[in-house]
Amino acid sequence: MAKCDICGKGVQFGNNVSHSHRRTNAIWKPNVKRVKCKVNGVAKRLHVCTSCLRSGKVERA
């Protein structure tokens with residue numbers, strides 16, 4: 001589960017490129033934490049990326 005419930009940030013795909021310029025597949029996952037948050041006054045557990053936590057988009061319960 002590497003997807004933020006707030007902003008929708010998910011995995012990104014690309015290539016690892018070696019010194020000889022050979023390419024292999026690469027995946028970068030966002031830093032997602034399982035956090036207890038207030039949603040409409042009720043505490044819920046959400047998957048939230050750390051950039052949303054730092055920016056204050058989520059109120060912790």
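How many residues lie between E3 and E4 in the hairpin that these strands form, and which residue in the turn has a positive phi? In this predicted model, the hairpin of E3 and E4 has 2 residues between its strands, and the residue with the positive phi is asparagine 40, whose value is about 55 degrees. Strand E3 covers residues 32-39 and strand E4 covers residues 42-49, and the two run antiparallel, joined by 8 bridges.

Strand E1, made up of residues 12-17, pairs with strand E2, made up of residues 23-28, in the antiparallel sense over 6 bridges. Glycine 14 is found opposite alanine 26 in E2. As a general point, the side chains of a regular strand alternate between the two faces of the sheet.

Lysine 38 also takes part in a contact between side chains. The structure holds 1 salt bridge, in which the side chains of lysine 38 and glutamate 59 meet at 3.8 Å, taken from N to O. Because lysine 38 lies in strand E3 while glutamate 59 belongs to the segment after helix H1 (50-55), the pair ties together parts that are 21 residues apart in sequence. In general, side chains of opposite charge can pair when their charged atoms come close. With a relative accessible area of 45%, lysine 38 is partly exposed.

Notes
Residues numbered from 1 in each chain as written. Predicted model: local features only at pLDDT ≥ 70, side-chain atom pairs only at ≥ 80, totals over all residues. Heavy atoms only, no water. Pairing = 2+ DSSP bridges. Helix = DSSP H or I, 4+ residues; strand = E, 2+ residues; numbered from the N terminus. Salt bridge = Lys/Arg side-chain N within 4 Å of Asp/Glu carboxyl O. Buried < 20%, exposed > 50% of the residue type's maximum accessible area, 1.4 Å probe, protein only.
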